[in-house]
Amino acid sequence: MTPQELQAARDRIVPDVIAGGLSVLFCGINPGLMSAATGHHFARPGNRFWPVLHRSGFTPRQLKPSEQDELLAYGLGITNVVARASARADELTAEEFREGGRLLALKVERLRPRWLAVAGVTAYRTAFDEPKARTGPQDRMMGDTRIWVLPNPSGLNAHWTLETMAEEFARLRAAAQEGSPGRS
């Protein structure tokens, strides 16, 4: 992928991988340029989403970004807080995050996943005006949908290792297998 091709992908939207009644709807911050250029979520080679998803037991093998539609067979999906692609999340405004949170809440109410898993605590805090939110399950719900904040799988998030990130994803997987309040 050339630098020109990546720049041409700026502001593009990557289609959601969604369906009604998912076990977990994963939610990235916004698509990066590589994701926008390829049309696949978490497509940048250094992104740890796909390895962590497998290591945590959500998928029986490590999927490639181009295989993202296979997630639906596992009861999983992907969306983003902010739909437009950018080189870095810090290019997004607080207003974009708040509007993205509003639109995400509408999507969740329509699709009714058991869990919404937001990958990025800062994005969650801004989008939902929860400045003290921490990684893990949240008290807030969207209808019957529980919310879990996960670490951002970007390679830039060096605070979380592949192993500690997989452990946090596995905690969510265990909770998703147990079900959630108000759901059978």
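## What helix α4 packs against

The buried residues of α4 make contact (heavy atoms within 4.5 Å) with β1 (24-28), β2 (76-80), β3 (115-119), α5 (121-127), β4 (136-142) and β5 (145-150). This is a predicted model, in which local features need pLDDT of at least 70, side-chain atom pairs count only at pLDDT 80 or more, and totals for chains, interfaces and linings use all residues. Residues are numbered from 1 along each chain as its sequence is written, and side-chain values use heavy atoms, with hydrogens and water left out.

Helices (H or I, at least four residues) and strands (E, at least two) are DSSP runs, numbered from the N terminus.

## One face of α4

Which residues of α4 are buried? They are F97, G100, G101, L104, A105, K107, V108 and L111. Seen down the helix axis, these buried residues of α4 fall within an arc of 165° (taken from the directions from the axis to the C-beta atoms), so they line one face of the helix. Buried here means under 20% relative accessible area, exposed over 50%, and partly exposed in between, with a 1.4 Å probe and protein chains only. An α-helix has 3.6 residues a turn, so residues three or four places apart point the same way.

Just after α4, R112 takes a positive phi of about 50°.

## Strand β1, covered on both sides

Five of the five residues of β1 are buried. V24, F26 and G28 lie on one side, with L25 and C27 on the other. In a regular strand the side chains alternate between the two faces of the sheet.

Strands pair if DSSP finds at least two bridges between them. β1 and β2 are parallel, with five bridges, and L25 stands opposite G77 in β2. β1 also runs parallel to β3, joined by four bridges; here C27 stands opposite V118.

## An aromatic cluster

F26 of β1 also belongs to an aromatic cluster with F42, F49, W50, F58 and F169. Rings of Phe, Tyr and Trp (its six-membered ring) pair if their centres lie within 6.5 Å; planes under 30 degrees apart count as stacked, over 60 as edge-to-face and the rest as tilted.

The structure holds eight aromatic pairs. Among them, F42 and F49 are stacked, 4.1 Å centre to centre with 15° between the planes. F49 and F169 pair edge-to-face, at 6.3 Å and 70°. This second pair links distant parts of the chain: F49 is in α3 (residues 49-55) and F169 in α6 (residues 162-178), 120 residues apart. Both F49 and F169 are buried.
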